[in-house]
Amino acid sequence: MPETEVKATISKSTGLPRKRFYRARAHSNPLSDSHFPVPISPSQFDYSLHYPQIFPSSDQADGSRKIQFADIGCGFGGLLISLSTLFPETLMIGMELRDKVTEYVKERILSLRVANPGQYQNVSVVRTNSMKYIPNYFEKAQLTKMFFLFPDPHFKEKNHRRRVISPFLLDEYAYVLKAGGIIYTITDVEELGDWMKSCLENHPMFEALTEKELEADPVVKLLSSATEEGQKVARNGGQTFQAVFRRIVPSDKTS
Amino acid sequence: MEETEAEAEVESNRDNVEVAPALIAVHPEQTSVAVAVGPDLRVFDLLAGSAASLVDECGAPFHKDSIRAIRFGSRGKLFVSAGDDKTVKIWSTESWRCVCTVSSEKRVSAVAISEDGCHVCFADKFGVVWVVDVAGSHEHVALGDRKPTPLLSHYCSIIPSLEFSPDGRFILSADRDSKIRVTNFPKKPLNGAHEIQSFCLGHTEFVSCLAFVHARECPQGLLVSGSGDSTVRLWDISSGVLLDTCEVAAKAGLLESNGEAEEHGHAVTDLCTTISGLLIAVAIQSLQGLVLLSCDVSAQTLSVSKVVSIAGEAFVPTCLGFSPAEGKLWMVTGVSSLPACNYPPLSRVRVISAIDAEQEPVVLGDDEIPGGEKLLETLQGSASVDESAFLAAAEAVKTAMRNLLIKKQYPADNRESRKKTRNDRKLKM
């Protein structure tokens, strides 16, 4: 009897963690001050902890290679896993508020690293509140891509200020993004899609990508297909609304 | 019942102390000095040698709840007061008329006036910084009520301090999540300040106060900041680089002999830069007196110059002000009310002169301070103050600051009972 009671959180056949044991509510309160460690400043972020093969010891992070992609609210890690092999030379990280979900992604990455030697060494996850602490992780103009896939809609008007895309938070995202860097957003909630698009349009440091540019970008197709959330929407025949913008230097904005 | 016991425990861990520290502000030319205690705003006109009579359409009391921030504009034409009554009042310093009242949605925690006197910024308790256009208000013309527009925000944080850089290029906002944000102050601030210049990251606790060291070699100024982590730090704001850290509480001898500090007991509460900017006065919780730091601009370092104590009084300053014209440092200690006591709002003013790296600072006696007894009567409410209340006042202010700026630590054991009101938990019952 005791044997069957032991939870096999990692599946014996695939070596990957089983989602069943990492279920969490879809919603997490961004206002609650959970106590997780936050680096005092970006230089204090330990790269050797997250990318051990690339940075064998903590003093090796000489600043030449830095994280360039950030998936904000990475959920179960679907997008990151796809990006990891598409951009094998780029360091990327997922940020997630829910601890169980973060644990799942950690296990997933570790299992993938074991099963595919040499691969998936460039991707990691951290449990944090990205609405408060983004400047603690990334230096000015460090990132080249930021992802906000299917963020919490916070439907009630009084909760709109909790949305991860807001005119105020865009100031911070513009700060960590290099000029020319791209912000990708997608949602299946039309009202939220309109909101995110209008926040980006009204912000002096972002400008929309043209249709041609969207077609040419291999990452755009991943937005709706790579994540569990996106796949669920496709299964249910739902519509998605995306807004992809480029970080610009304010004087360059034509409108 | 277990539930109510656990709840009562969480409650008592945070004494519900809602008191406001006394504040002081000195006109740049020392023509007047203002003290705020609770909702009471007291101004003494040093030129006239008497209390200034404040005039406002709404009539006294001008503020209906504790005032949390006061300051004079650097040009001396404007004075701003704001606080828990969710109003920001802008006064002309010539007539002491309130020329403009701005309504805030939330309580106000900090105010700043742009160098050119055209804009007033204030921070509300949700971490949003608002801006209002006050150009032309010094000409005795009442502007009536103005609507503020949002300038920037620190997500869900409290901003205890707002400052403009001396050259007016940047606005700095410090928050309780240990961050200092340096943002370009645009020509049209009513559209928001979106371009962040840098973040000054290094403090490990809330940042309570900001001030600039003015140095000829450094026209944009060097920033000094004080924090709940008991340090004062020096920064280069263009790059956000931390230049030096001074462990003021340790250096002032406040730590216990075994080297352990009482948790959160020695927060830096206020900072003030002085003439030529090279000496910085620092007020620390539990320190009776203050620490003078000197700043070496070329080496970009801070060091303790002197520890000044106020003889004969258990004086823990709650706020500092400096008058560049006269070279005097003004201090106030006090609190809006003392819970469980019958003391009226308390405030005590002292002045230190000869703030100089070479000389010994002199704590002036009551008869020696500018304005003398009349000033003390106006600003303190009476010429002499019952000293026995000082320490109780200091404790009340310390607790209030901790409650406001330090994150609540809920005990893990009753976490499940605290979730009982959550909708998805209710169904299980």
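B:Lys179 has a relative accessibility of 4%, so this residue counts as buried (buried means under 20% relative accessible area, exposed over 50%, and partly exposed in between, with a 1.4 Å probe and protein chains only). This is a predicted model, in which local features need pLDDT of at least 70 and side-chain atom pairs count only at pLDDT 80 or more, while totals for chains, interfaces and linings use all residues. Residues are numbered from 1 along each chain as its sequence is written, chains are lettered from A and ligands numbered from 1 in the order in which they are written, and side-chain values use heavy atoms, with hydrogens and water left out.

Back to B:Lys179, then. Its partner in a salt bridge is B:Asp175, with the closest N and O atoms 3.8 Å apart; the rule asks for a side-chain nitrogen of Lys or Arg within 4 Å of a carboxyl oxygen of Asp or Glu. B:Asp175 counts as buried too, because its relative accessibility is 1%. Side chains of opposite charge can pair when their charged atoms come close.

B:Arg348 forms a salt bridge with B:Glu313, and here the closest N and O atoms are 2.8 Å apart. This pair links distant parts of the chain, 35 residues apart: B:Arg348 sits in strand S28 (residues 346-353), and B:Glu313 in the loop between strand S25 (301-308) and strand S26 (319-323). Helices (H or I, at least four residues) and strands (E, at least two) are DSSP runs, numbered from the N terminus. B:Arg348 counts as buried because its relative accessibility is 5%, and B:Glu313 because its value is 9%. Both belong to a network of salt bridges that also takes in B:Arg350 and B:Asp366. Over all chains, the count comes to 21 salt bridges.

Next, the place where the chains meet. Chain A and chain B bury about 2,300 Å² between them, 59% of it on carbon and sulfur atoms; that area is the accessible area (1.4 Å probe) that two parts lose on being put together, summed over both. The contact takes 26 residues from chain A and 27 residues from chain B, where contact means heavy atoms within 4.5 Å. The rule finds two salt bridges across this interface. One of them joins A:Lys132 to B:Asp177, with the closest N and O atoms 3.3 Å apart. This pair runs from helix H5 of chain A to the loop between strand S15 (170-174) and strand S16 (179-184) of chain B, and A:Lys132 and B:Asp177 are both buried.

On the side of chain A that touches chain B, the elements giving two or more residues are H5 and helix H6 (167-176). H6(A) gives the most, with six residues.

Finally, some annotation for chain A. UniProt, in an unreviewed entry, places the feature "binding site" at residues including A:Gly73, A:Glu96, A:Leu149 and A:Asn129; positions follow the numbering used here, feature names are shortened, and annotations may be inferred rather than shown by experiment. A:Gly73 lies in the loop between strand S1 (67-72) and helix H3 (78-86). Not counting residues up to four places away in sequence, A:Gly73 touches A:Met95, A:Glu96 and A:Leu149. Is A:Gly73 buried or partly exposed? With a relative accessible area of 36%, A:Gly73 is partly exposed. A:Asn129, in the loop between strand S3 (123-127) and helix H5 (130-137), is buried, with a relative accessible area of 4%.
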